[in-house]
Amino acid sequence: MDQKDKDALKVIGFIGLFCICVHIINTFLNGGLNSYGLLPRHITHLTGLVAYPFIHGSWSHLIGNLLSFSVLGLLVSRSGVSRLIVVFIVSWAISSIGVWFFGRASYHIGLSGIIYGLWAYLLVYAFMYRSLKSIAIAVIVMFFYGSMVWGVFPIHRWMSFESHLFGGFAGAIAGYWLAKRDKAREKDIATSS
């Protein structure tokens, strides 16, 4: 295992451990932390913009999100741990703002907005960059996580499709922007050689 993998595992592990600790506290408080979730258009709940990805409604919700987050996070980190951090932050910020402005008036919680950001990033980056590695990763993602596309539609009342939609939008923006940047850098290196 090289240093890049170790660094990625540390970041993913830290986020996972943080979510687990938050959920243990939430369990002892009988779901009391759920009110720190994102409540759209309520100025009194602005903490939800930051807190909502780390709060989960049940152990199954948490475990499902952590498994997907770990796999997709490791795939994003193939381009370096800094890439994982950038995509994570962009997905977090845009999904939070999008849900706050346009989401249904109920509490939104969970890491799934960021998960959708990682997912969309991998697909859009591969489409734009078109390297063998990025395409292979996108094929793996579509094979195992292709059904995630249904999560952006309001199929289940209890699911925050808004988080999925805006997280996916954020990941697509990140994938487009970073692929263009990487191609430009590659071109500059080739030109200066």
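Residues are numbered from 1 along each chain as its sequence is written. In this predicted model, local features need pLDDT of at least 70, side-chain atom pairs count only at pLDDT 80 or more, totals for chains, interfaces and linings use all residues, and side-chain values use heavy atoms, leaving out hydrogens and water.

Me: At what angle do the axes of helix α3 and helix α5 cross?
Reply: Helices are DSSP runs of H or I with at least four residues, numbered from the N terminus. Axes are lines fitted to C-alpha atoms over the stretch in contact, with angles from 0 to 180 degrees between N-to-C directions. For α3 (residues 59-76) and α5 (residues 112-129), the axes come within 9 Å and cross at roughly 35°.

Me: Is the crossing of α3 and α5 left-handed or right-handed?
Reply: A crossing is left-handed if the near helix is turned anticlockwise from the far one by less than a right angle, and right-handed if clockwise. For α3 and α5, the crossing is left-handed.

Me: How many nonpolar residues are in the contact of α3 with α5?
Reply: Contact means heavy atoms within 4.5 Å. Residues including Phe69 and Leu72 in α3 meet residues including Leu118 and Trp119 in α5. Ala, Val, Leu, Ile, Met, Phe, Trp, Tyr, Cys and Pro count as nonpolar, Asp, Glu, Lys and Arg as charged, and the others, Gly among them, as polar. The contact has no charged residues, 4 polar ones, and its nonpolar residues come to 10.

Me: Is Glu162 buried or exposed?
Reply: Glu162 forms a salt bridge with Arg104, with the closest N and O atoms 2.7 Å apart. Buried means under 20% relative accessible area, exposed over 50%, and partly exposed in between (1.4 Å probe, protein chains only). Arg104, at 30%, is partly exposed. Glu162 has a value of 4%, so Glu162 is buried.

Me: Which residues do salt bridges that share partners join into one network?
Reply: The side chains of Asp182 and Arg181 meet in a salt bridge at 4.0 Å, N to O. Asp182 also meets Arg83 in a salt bridge. The network joins Arg83, Arg181 and Asp182.

Notes
Helix = DSSP H or I, 4+ residues; strand = E, 2+ residues; numbered from the N terminus.
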